[in-house]
Amino acid sequence: MMRYSIFNLVRQALDGHRSWKPAWRDADPKPSYDIVIVGGGGHGLATAHYLSKVHGISNVAVVEKGWIGSGNAGRNTTIIRSNYLLPGNNPFYELSMKLWEGLEQDLNYNAMVSQRGVLNLYHSDAQRDAYARRGNGMLLHGVDAELLDAGAVRRMMPFLDFDNARFPIQGGLLQRRGGTARHDAVVWGYARSASSRGVDIIQNCEVTGLIREAGRVTGVETTRGSIRAQKVGLAVAGNTSRLAAMADLRLPIESHVLQAFVSEAIKPFIPGVVTFGAGHFYISQSDKGSLVFGGDLDGYNSYAQRGNLPVVEDVCEGGMAIMPALGRVRVLRSWGGIMDMSMDGSPIIDRTPIPGLFLNAGWCYGGFKATPASGWCFAHLLARDQPHEVARAYRLDRFATGLLIDERGAGPQPNLH
Amino acid sequence: MSEFSYRGDAAFQRPDAAAADAGSRYVEAVYLRTNPAGPHEELWYHLFGCRSWIKVRRDTRTHEILAVRAADAGGSGS
Amino acid sequence: MSDSRGRISRQQPNRLQRLGVVDRSQPLNFQFDGRRYGGFAGDTVASALLAAGVRLVGRSFKYHRPRGLLTAGSEEPNALIELRGGARREPNTRATVAELFEGLEARSQNSWPGVGFDLGAVNSLLSPIFVAGFYYKTFMWPAALWEKLYEPLIRRAAGLGRATHEADPDSYDKFHAFCDLLVIGAGPAGLAAALAAGRSGARVILCEEDFILGGRLNGDRQLIDEMSGRDWVWQIEAELRSLSGVRILPRTTVFGAYDAGLTGARTYGALERVCDHLAVPPAHRPRQRLWKIVARHAVLAAGALERPIVFGDNDRPGIMTGAAVRTYLNRFGVAPGRRAAVFTCGDDGWRTAADLKHAGVAVEAVIDSRTEADPALVRAAELGGAQVLLGSQVVGTAGWQRLSRITVRGGGRTAQFSVDLLAVSGGWNPNVALSTHLGGKPRWSAGLSAFVPGDLPRGMSVAGACGGAWALGDALREGAKAGAQAATAAGYAAGSIPSWSCAGERVGLTPLWHVESSTGKAFVDFQHDVTSEDVALAAREGYRSVEHLKRYTTLGMATDQGKTSNLNGLAIMAALTERSIPSVGTTTARPPFTPVSIGALAGPHRGKHFRPTRLTAGHDWAKERGATFVEAGQWLRAQWFARSGESSWQETVSREVRAVRAGVGVCDVSTLGKIDIQGADAAAFLDRVYINVFSSLPVGKSRYGLMLREDGFVMDDGTTAQIAKGHYLMSTTTANAAGVMQHLEHARQILWPELDVQIVSVTEQWAQYAVAGPKSRELLQRLLGDALDLSDGAFPYLACAEFSWRNVRARLFRISFSGELAYELAVPARFGDAAIRAIMSAGASLDVTPYGTEALGVMRIEKGHVAGNELNGTTTATDLGLGRMMSRKKDFIGRVLAERPGLTDPERPALVGIRPVDGSARLYAGAHFLQIGATPSLENDQGYLTSVALSPMLGTWIGLGFLRRGPERHGERIRAFCPIRGGDAEVEVVSPVFFDPQGARLHV
Amino acid sequence: MSDTTFTWTPRSPLADAALGSTAAPGSIAAPGSIAGLPAVAGVSAVVRDGFGLATVLARKGASAALAARVRERFGIDLPGGPRRDAAAGVAFVGTGPGAWLAIAERGGNEFAETLRRELDGVASVSDQSDGYVLVRLTGSRVREALAKLAPIDVHARAFEAGATASTVASHIGVTLWRLEDEPGAGPVFEIVMFRSLAASFWHALAEAGAEFGFAASAP
C-alpha cells in the first residue's frame, strides 16, 4: 500500500501525480472464502478491515451490488457521537467514539474526524431531566457530557432563536467529543486498508440467493457467480429484510426513508452539531461550508431512495424555528437513504437461527456513527463465534425475551424511533 | 405535517391470548415484519381528518398507490 | 433623473443601441463592490455589468482564479455575488438571473482584499499539491493538530459567500394548486403546449423560471410565421392570459417532482420569486412563495443547456458559451466583446458567429473541430470577414484577468488571434432532471450526443429541446401535440392543434469534450476548480464510477450542481478508462433542480407560529392573574401564579401547595384528554383496553384505569366515569390524549370492528377546573347552591354527576390528584371563563388560591402518583407499583407480552420514594442510584430519579424513582448521584406515598 | 362579593387578539385599513355564534336505520360521503365512515339533547357546540386564501356547493364545506376547527387573506 503523507504528496506533485495507485483493488470473485460479507458500505468494509487487522483473517470477500459506499454510508449527515442513555448502547457507542479518535492513524487515510461537539437542545424541565439522566449515565461510563443552561447555549451559538421561539430554548446536553467525519473517506479508508491486507472488494456483484446445505448457509449466489464461504455476514442496512427472506427469515425490521439535505457553501459559522428538541431538525456545517441537515423519517416502508415534500417542509420549519437566519440560505441537494428501522430502535449484531449466517442490522438512522464499533464487533462475532462484550445486548431474541433497548420508549412502532 | 400517517403492516392480527403458544404468536405478530420490496398491505390513519384507519396497498419500490379502502366495514370513505 | 440617465449612458460602453428588449425608458442605478453602475429595467445584474464593461465578477473556490460570465442563465458556475445587505444578505446569488432593480447593491465573493487583487490566488501556486482529494492524504500527523490547526485553516478557506446571522425579516407563504396540466418551461415548446391545452378549457399552470416568457426565443433571432420570436411570444402570451383556465407563473422554478401520497396525483414543488426583483417586499407580500402543484399531467419543456468545451485556460473572463453570447446580444442588447472568435464542434456555433456579425461585433475566426462544415455557413462567415479554421481546436488562451489572445492548432499549423471574446459551443444538454426525480433514468442518445429523458414517470411527457428536439419547428410541433394530448386525457375536447411555420435549421454536431493537446489548466467544473487532470487522477486511483468521481473530485457538487460540468467529466472519464459514456454512469438528479431557500420551504410557520398554540377557555383569566405559562405539547398551561413580593418560583409554588392543603385551591385541568365512549359494547371495550375491570363500574362512578401498549409496557392512565347508562367518559393525560384516541380508534376499527362502540374526543367541549382542599366542598356548595347535594354520603369519593346548574349542563367528578378532598367541575367551554370567575368569587372569603402545574406536580409527588416522567414508555404496571391492577380474569391489550421474562424480572427497577438523609440536601431528577461506597459505573447503576420536588409539607426535597428491587428496600440508604448537575446526596428509600399514606384526607 | 349573583357570559376564543395575532376580529376592521391592503376586501370572515353542533356516530349496523330516522325527523338525506345536506336550519356534514357533524343555526347546547332523543338507539351523540369554532368565509379571493392554508382543491368544479372535506389547514385540523354562492359576495365556505386552536387558525387566515384585503367581524 502506498503510504499517504505530506512528503509523498509533495514527491508525487513534482511528478504530476502520475504514480498514485488505486486506493483499493477492484477484485473479481474467487470460488470461495473463509468469510463473505454482503454489503460494501461502511459497516461491511470496517468488518473486513478489523477481521484482517485484528483477527488475522484475510481470506475475506466484501460483495457490493453497486459501488462501495453508494448506500447509506454515502447518504447520511456524517454525525458521530456516543451520547446514549441505556447501558445496552452506551459502551458500544463509546467504543465507536474511541475508534473514531484513532481512525486516521489506523487507516492512514484522513477521514476528517472532527470533534466540534454535539449539542442536543432542550425546551422543557422534563426534557432537561431526561437529558440529565442520560448525561449522568454517560458520565458513569466515563463518557464526556455537560448540561448547559440557556445562557451557556447562547454564548456558544448566539444565532439561535432565544427571543421569539414557539418552544423557547432552555439549554442543552453537550458532548464535546461528538462531531462529524467525512463519510466517503471512511468508506474509502476502510476499503483501502482491508484491500491492502488481502481482502477482496467485489463491486457490481449483487447477491441473488444464499447457498444452503444441510441447514447451513455455505455461500452466496451472485450476479457474478456463486461464492462459497464458511460464514456469511449480512451488513446491508435497508436491504436486510430482502436478504434475510432468501433464508426464509422474518426480522423485527422495517425499511424506511430518511432524507438529508445540503445547502450551498457559505462561510462557516456553525461550530458543531445542533439538534432541535421540540421538532425534527439537526444541522452541522461541513469543512467545505455546506450546511448538512436533516429531520424526521418520511415514515412509511420504502425501498425507493427518495423523500416526500411534506417532510422537506417539516425539516425546514424546524430549521427556521431554531435558526431564523437560515431563511435566505438555499437547499442545494437532497437525498433519501433506506434505514433498517428495528422494533426498539437499537441494532442487532448476532447469529441467526441458521448456522453460517450472521446478522449486522437494525441501525435505524444511527448507523454512520456506529461504523467502527459495528465493524469491530461484527468481526469479533464472525471470527470467534462469540458476541463482543459491548455488543452483548444486541441479540435477535431480545424481542421474545423482552430485554429491549428502547431509548425513546416508543414501543414496536419503528417509524417513531 | 401530513394529513395521513402510516401505521404499519396491515397483516397484524391479534392472536388468541388463550392459545398455548400465545407468547410466541404475539412476539411474531407484534415484532416480525415481512417488509417486502414491492406491493405492501399497510394501515394509514387519517390523523387530521375523520380519524379513520385505512387499508392501503402500495408498492414500496415506487410509492405507487395500488388500492385504498376503509379498514372497518361500516360507512363511506372520507 | 436626466443627469443620472446621462451618467448611465456613459457607463454602458457595451450597450448596443439597436438590439435587445430591455426598457431603455427605465434606467436603473446599482452598485457592485461599492462602485456605481447603471442599467435598464429588464437587465440582469450580469447583463448590466457586461454593458458597463465589467468582465471580472468573481473568484473560483479553490485557486481563486479570476472568473467572468460563462452563461446567461441559472446554470452559471462563476458569477456568484452577495446580493443585498444586512439581514437580507443573499450569498451565492447568480448574477445571471438576479433582476436589476433601482438601488441594488451587490458584492463579489470569495476574494480578499478584492476581486481584482485577491491574495487567495496564492493557492494557485500550490495547485500542484491541491489536487483532487489531497486532504485525504495528509493532515493526519500529529492527530492533535487536526482540530487545532489544520481544520481551522480549511474552514477559514471554506464556503463562498457570507450568510447573514440575523433573522430573515421577509415573509414566505405557500400555495396549494391543482391543475389538469402543468407545463414546465415557457419556451416555444412550453408555450405551444399551454396554448393547445388552454384552448380546450383545461386547467393549465405554466411555470417559467425567467422573468419573461419565451426561453431561447429571447436570445435567438428566429422567425415564426414570419414574425420575430419576441412578437410571437407576446401574441401567444396575450391569448394565454385571456383564457380563464390558464395560470401563468413567471419567476417560478419547478424544482422537484414528488410522490403523490394517497391522492394518486403527482405533486410538483415550485418556487415563485414573488418580490426578489424589488428592493424590499411591499406589505403583506411574501418574498418568495412555495407552490405545491398537484397535476394530473405535466409536460416537461425545460429546454437544454449549452455545454462548454474543456481546454487549457478555458476559464478566462471573456470565454463564454455561444448561447450566452447570443442572449447578451439579442435579448439584452449588450456586446460581450469587441473582437470575437467562435469555437464550436457543431453547426450551432456558426449561428453565434452570424449573430455577432449582425450585432456589429468583429468575428476574427470561427474554429470548428469538424473537418467539414456546411459550405453555406462557411461562406456566410467568410463574407463577414471571419477566418474559418476547420479541423481545428483552441489549445490555449492568454490574458491578464480577461481574455486577450487565443492559440488555435489544426491541420498541422498553429495560429493566434487577438480577441477579447471567445464563444464556445460544445453541444446541448437537455434539462432531464425533473424526469429522474421519481426514479426514471436518463437515456444516452448517441445520435444527439446527450442524455435525454428515459422511462418517464406516469403522467409526464417531454417536448422540445428537453427531449432533444433542437430545431424550433420540431419543438413547436411536439409542444402543441403534448398539450393537446394532456387535455384530451383529462376529458376536454381538444380543438384543432395549433401549428406554426418556421425555417429549417442545421443542428449537426460531432462532440468534442476535451482538447487533450491543450496546455494550462483545463477546467471541467469551473466553480470547484476541477480540472481534466483531477479526473485523470481519480481514474488512476480507482475512483472510476460516476459516484466515486463526483465525491472524490467534488465535480458537479458546486452550487450549479454540475449543469455545465457533469457530462464533460463523464466523457473524459469514459475516454480515460476506455468505456462508453453511459457505462461510466449517469448521475441521478434529485430535488431541487436549482437551489431553493430554506425560508420558502418553511413558509409562514416561523417564530411563535412554528406550531399552533392551544389555549384553554380560562387562559385570559389566568393571564389577568399574572400566571406564568408553560408549554404542554401545543397547550399553554398556567405553571404558577406569582404574587408581588415572592422572591422565587419555589416560594410561589410552596405557597400554592400550602393553600390547597390548608384551605382550597383551583387549577385549570381542561387540557386533559376527554373521550366520549358510547354503544352497547362500551363496557366490554373498556375491559379490553384497560388492564383492570370496568364492566363492573356503576353509573355515577369513576374508576382509575391503566392501559398498556400491545407490547406490555404502560401507555397511559386516567379515570373513566360512567356518567349515564352506557355513556362513559375517559380521561387521559394531556401529553397522550391524541395517542390514546388513535389507540382506541385502532382497537375499534382494526382489532374489534364487531363491537358496537362509538368514540369521539370531547376535550374541547368542556372547560374543567379542579377545586381541591379541605374547604373545596364548602366552596362548591356556595357556588352550586341546591343544584347538587355534595354531602359525603350523597356524593362520595369517585362519585360523578351530570346536572343542570343555572340552566347550563355541568359535570362534577369527585376525584383527586392532590390527595385532598377535591372535585373537578366541568362546564361547556364557552362558559369556562365565567365559571372560573364564579369559582373565584364564591371562594373569595375562603381565600381560594389559583394554583398551576408546578404545585399540582409537587402534590402528586407528595402522594406518589405517577405522571409523565414515570410513564416514559419503558415502564411496566409492576414497575409503577400497579401490577396488582392487572386482571387475571380477562384478556386485554398488552396482557400476553407483559408476561415476558424481561418485563417480569424482579430485578427490574421499580417505583420508590426518595428522601435525603440530610434534610437540607437537594435532589435532582435524572440522578442515578448507587449503593453507598460503590464506585460510579454502569455496572453499579441501580436506577434513577424521575421526579423531584421541594415538599412544603415535609420541608425537604423528596423524589420518585425506579430502583432495582426497590419495593423490598424501604429504609435502606443509597446514593443519588447527579454529577452532571453537581448533585450527590445520601438518600433513604421510602414508600412513594409521602403524605397522608392512609388517604384519610380523601374521605371526609 | 356574593357567590350567588353571576350570569353566564359566554366568551369566544377570538374575543381578543391572542398570541399577538395580527388579526383578531375587528383588528382588521375594514379593508384598506392596513397599509398596502387593496381597497376592497377579497376575503371576509364572520365568526358564527349561537349555533348548536354535535357529533353523530352511527351505532353498529344501524346506518340504514339512522338514515331513515334523520330523513323522518329532519327531512334530510343523510350524506353517505363527504357532503353536507341541510333543511330547516339543521345540517348534517359527513366527516367519515358512519360519522357526521350535525349543526343547527340556533339552539346551542340544547341541540345535542334534542338529537340524543331523536336518534336514540341508532346513533351516539356528543355535544360539541363549544368544542368547535365556526367561521364563515366569503369574497372574490376566498379560494386563493384557502389555497394558502389547506391542501385541497376548492375550484368551483372540483368542490361544488354541498361538498365538504376534513383536512389540515396551517397545521390545524379543520372541516370545511361550501355553501351556495351569495350573489355579489362570491363563493361561501364554512370552516370549523377546535376551539383551543381558533386563535392560531385566525392568525393564519388573516395572514393568508391580507394580500387580498381581509375584512373580519366577530359575533
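Chain C and chain B of this predicted model bury about 2,300 Å² between them, 61% of it on carbon and sulfur atoms, where buried area is the accessible area (1.4 Å probe) that two parts lose on being put together, summed over both. On the side of chain C, the residues that lose the most area to chain B are L262(C), Q742(C) and Q749(C), which together account for 31% of what that side buries. In terms of contact (heavy atoms within 4.5 Å), 26 residues of chain C meet 26 residues of chain B. Four salt bridges are found across this interface, a salt bridge being a side-chain nitrogen of Lys or Arg within 4 Å of a carboxyl oxygen of Asp or Glu; R14(B) and E710(C) form a salt bridge in which the closest N and O atoms are 2.5 Å apart. Eight residue pairs, both members at pLDDT 80 or more, are in polar contact across the interface of chain C and chain B, the criterion being a pair of N or O atoms within 3.5 Å, of which, within protein, one must be able to donate a hydrogen and the other to accept it, with residues adjacent in sequence counted only if both atoms are side-chain atoms. Helix α19 (737-751) and strand β39 (758-761) of chain C each supply at least two residues of the side that touches chain B, and the largest share, seven residues, comes from α19(C); helices (H or I, at least four residues) and strands (E, at least two) are DSSP runs numbered from the N terminus.

For the model as a whole, which is predicted, local features need pLDDT of at least 70 and side-chain atom pairs count only at pLDDT 80 or more, whereas totals for chains, interfaces and linings use all residues. Residues are numbered from 1 along each chain as its sequence is written, chains are lettered from A and ligands numbered from 1 in the order in which they are written, and side-chain values use heavy atoms, with hydrogens and water left out.

Between chain A and chain C, about 9,600 Å² is buried, 57% of it on carbon and sulfur atoms, and 114 residues of chain A are in contact with 119 residues of chain C. In chain A, the greatest losses of area to chain C fall on L140(A), R166(A) and R328(A), together 11% of what that side buries. The salt bridges between these two chains number 14; one links the side chains of D314(A) and R611(C), at 2.7 Å from N to O. Helix α5 (residues 125-140) of chain A contributes the most to the side that touches chain C, with eleven residues. Strand β16 (residues 330-342) of chain A and strand β31 (residues 596-597) of chain C run antiparallel and are joined by two bridges, at least two DSSP bridges being required for two strands to pair; V331(A) stands opposite V596(C).

In chain D, six strands form an open sheet of mixed pairing in the order β8-β9-β10-β7-β1-β11, with β8 (164-169) and β11 (214-217) as the edge strands, each pairing on one side only. Strand β1 (residues 43-47) of chain D pairs with β11(D) in the parallel sense over four bridges, and the bridge partner of S44(D) in β11(D) is A215(D). Helix α4 (residues 198-210) of chain D packs on the sheet, touching β1, β7, β8, β9, β10 and β11 of chain D, and its direction makes about 150° with that of β11(D); axes are lines fitted to C-alpha atoms, for helices over the stretch in contact, and angles run from 0 to 180 degrees between N-to-C directions.
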